[in-house]
Each structure stands twice: as structure tokens, then as C-alpha cells.
Amino acid sequence: MSAVLGEYVRRMRGEGRLVVQPRMGFSDTARMRAGLLATAAVPAAVATITVDSYTRVGDVDAARKAVAEGLPLNGYPIVAMDPAVTAGLLDGVPVPVQVRHGSATPRHIIAAMRRAGLSATEGGPISYCLPYGRVPLQESVTNWADACAMLADSDAGAHLETFGGCLLGQMCPPSLLVAVSVLEAAFFVRHGIRSVSLSYAQQANPRQDREAVRALRRLAGEFVPTADMHVVVYAYMGVYPRSASGALRLLDAAARLAASTGSERLIVKTVAEAHRIPTIAENVEALRVAGQAATVTEQADADAEDPEPVYREARALIETVLELDPDIGRALLTAFRRGLLDVPYCLHPDNAGSSRSYLDHRGRLLWSDVGRMPIRPAPTAAAAAPASAQSLLVSLSRIQHAFDDPHGKVPAS
């Protein structure tokens, strides 16, 4: 049995260390085990089993067929594997192992995890539904309530991480990321999970990111009723630099964001991110680079920057949702049906699709149209030109170009 995630993160926090984690997943069992052991050899690291895309969408027959025929997959087919084989992967791995999957229908994955003795995973009823698939939101909420019950019934130290702070990867202003992360964590706790983590994905302006992470921690303390929680930062989720130097500079910035805000864990990205599935060695390199950057970064003065703009918007969204219904699942459904939560550029049929965002000249993500959400766009939004396909592409590529160009201006504030 691997270590329990919540306890491990608390111990590393007590030692002043940022926990680093890859997104690693291989269908070959020998390679998967090698990846777990290589990760465990890195100081303050957490290991990952990322599942394949067939398992993610519930096509277990296709995953089993691939395993039977020895075909490579883009992740570990945990449901198609004998639980004893998966348990064997974990034998002697001294650090926590988290299963990452991306499914709005996670029951089969949770069941396979439990059979193999695994207790930590991630996702959420909103964040693993709206941006990526066509599963109805009502079905996703029900699925995730059941998944929480399945995990909470386990005696293995269940831990759930909300993916809510990573909606769409980018172009979603921080207040909505923070609000959904807090709401999903509160949903987990209401359904019996006692150990949770709240996510936030690095965006294009470091100062705004620091404000957002501080707002996330403050709101988690106000609305998530459990003492066992921590904050996890994701290295940039959008179009990644194509050069090795650019990728490493961006990862360094992510590690500094996590360390400067007192976040407890960082999900890294590698130099291969823009090209292919990374190797074990590339994952280990990313873990070591991030860990080193964190050790030389001091926690910033909490009074140096004002989290209030993000905090106020996120709190308004959270309070509006929670006032809709005492059942947080029903409240989330009502909020999306009324457009009180609205993810920009998200085409899912259960999303209102009225909100829009833009990057200003400093790289700050702002609302140009909030639709029916109970917040107001910044006064500068009136000057923002309507988004076109070209302007959206420019915004999506901003970070890639800035970090790939050795003479380009990298966002610093």
C-alpha cells in the first residue's frame, strides 16, 4: 500500500517542501512500474497513474482488446488490468500514487482503484464534464456523488482533488476557476470525503495568479468544511512552448508561483509537452527542475498584493450558487441552467455560453461579457474589442511565443 496523499503532503509542508508530481501514464506494466519508482526517487514527489483515453470515456471493451493484443495506449488501462497486476505495480512504492483520468463517468475507474488498493484521484462534477465531453451535467453530478460515496467507504485514506481550477486550460478568468474549485471541493466534503485538494492552473500574468491562489485558499477556509485540504498549482495548461528552454522557463515560473503563494503541491509539465507523450527521464527532469526552483523561492509577503478583486468575484459566484439549494449538486445544476455560472468559449449544451473573456496588454484574464453571472466586468472591459478567431488564436499562443523567444518579454507582473 502506498502512502496516503493528504498525510504525505502535510509532512512535506512541515519540512518546508513543495510536493511535485508528474502526469505519467503508460500501458506497458514494466514501464509504468519503472515510472512510479523513478518518481519516488525524487525528493518530495508524488507518483501518478494516468489512465488511457478508452478507459476515460468508458470504452472498457476497447481497452481490454488493446491489452489482449499488446497494443500501446496513451495511459494505463486500470479497468482492463487484473487488480493483482495493478497492486503489483505499487509494491514497494514508498510515496502516494494518484490516479488521474478525466472522466465524467468515473465509477468503473474508482472501483478498479479500490480493488487495487488505491485511494487518491481527481476530477469533479463540473470540471470533468463541461469543457471536454457531451455527458449531461445532471448525469455527471450523479456520477460524482456516487464516486465520492465509493471512495468515502474505503478505509485507505481517500483523497479527491478538484480539477475546477483548470477549466478549459486557459481563457477562463481566475474568479470562475477559484469559484468552481471551491464549489467542487465543498461538493466532495458534503458527500463524505474528508481529504481534499483545490486546484489552480497557472495563467498569463504572475501577479494575477498570485492574487487568485491567495483568494482560493481564503475561500476554501470559508466554504470547505474540512481541515485536511491543500492547494495544488498546475503548470500552464494552454499552448506550451515548443523549445526546451522555453518549456523549462515556464515550468520554473510555475514552481515559483506555487512556492511564493505557499501552495503545497505542483503538477509539472515537461520539455516534450508540445510534441509527444514524455519519457520517464523527461518527467523526472521536470520534477527536479520544479523542486529546485521552489527551494530558492521565498514565500511572498501576503500583504504585497491585493487578492480582493478575484476574491470578491469568486465569493459572489460561490454564495449565489449555495443560496440556490441546500443540496450543492442541485444548486450547481440550477446555476448552470440559469447562466449564473457560465464558462467562456465552452460549447457543452448545459453551458449558457454567454460569457466572454480577453487578455489585456499585461496578460491579465478579464471578463468582456459576464452574461447572467452575478458579477460585473472590469471598467476596462468596455474598451475590449469583440473576440475574433484571429484575436483568440493570438491570445491562446501568447505564452508559447513569449517563452520560446529568447528576446521576448516574459510576463513578470
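Predicted model: local features only at pLDDT ≥ 70, side-chain atom pairs only at ≥ 80, totals over all residues.
The structure holds 20 salt bridges. Side chains of opposite charge can pair when their charged atoms come close. One of these bridges joins E264 to R217, with 3.0 Å between the closest N and O atoms. This pair links distant parts of the chain, 47 residues apart: E264 occupies the loop between α10 (244-260) and β8 (265-267), whereas R217 belongs to helix α9 (residues 206-223). The two partners are assigned to separate accessibility classes. E264 is buried, at a relative accessible area of 8%, because buried denotes a value under 20%. R217, with a relative accessible area of 30%, is partly exposed.

A further salt bridge is formed between R276 and E282, whose closest N and O atoms lie 2.7 Å apart. The glutamate, E282, counts as buried at 14% relative accessibility.

Within helix α12 (residues 308-322), R312 and E308 are separated by 4 residues, about one turn of the helix. These two residues also form a salt bridge, in which the closest N and O atoms are 3.6 Å apart. R312 has a relative accessible area of 51% and is therefore classed as exposed, the threshold being over 50%. E308, at 22% relative accessibility, counts as partly exposed. Both residues take part in a network of salt bridges that also links R218, E222, R315 and E319.

Backbone geometry was examined next. Most residues other than glycine have a negative phi, and most peptide bonds are trans. A44, although not a glycine, has a positive phi of about 55 degrees. A44 is placed in the loop between α2 (29-40) and β2 (47-50), and counts as buried at 7% relative accessibility. Y345 likewise is not a glycine and has a positive phi, of about 65 degrees. This tyrosine lies in the loop between α13 (328-338) and β9 (356-359). At 23% relative accessibility, Y345 counts as partly exposed.

In soluble globular proteins, nonpolar side chains tend to be buried together. The largest nonpolar core of the model comprises 133 residues, of which L36, I78, V178, V182, F187, L266 and L341 touch the most other members. Helix α8 (residues 174-190) supplies the largest share of this core, namely 12 residues. When residues up to four places away in sequence are not counted, L36 touches A47, T48, I49, L89, L90, V93 and V97.

The structure also holds 2 cavities of 30 Å³ or more.

Methods. Residues numbered from 1 in each chain as written. Heavy atoms only, no water. Salt bridge = Lys/Arg side-chain N within 4 Å of Asp/Glu carboxyl O. Helix = DSSP H or I, 4+ residues; strand = E, 2+ residues; numbered from the N terminus. Buried < 20%, exposed > 50% of the residue type's maximum accessible area, 1.4 Å probe, protein only. 1 Å grid on protein atoms, 1.4 Å probe; cavity = no way out; pocket = protein on both sides within 12 Å on 5 of 7 lines; lining within 4 Å. Points joined across faces, edges and corners; volume = space filled by probe spheres on them. Core = buried A, V, L, I, M, F, W, Y, C linked by side-chain atoms within 4.5 Å. Contact = heavy atoms within 4.5 Å.
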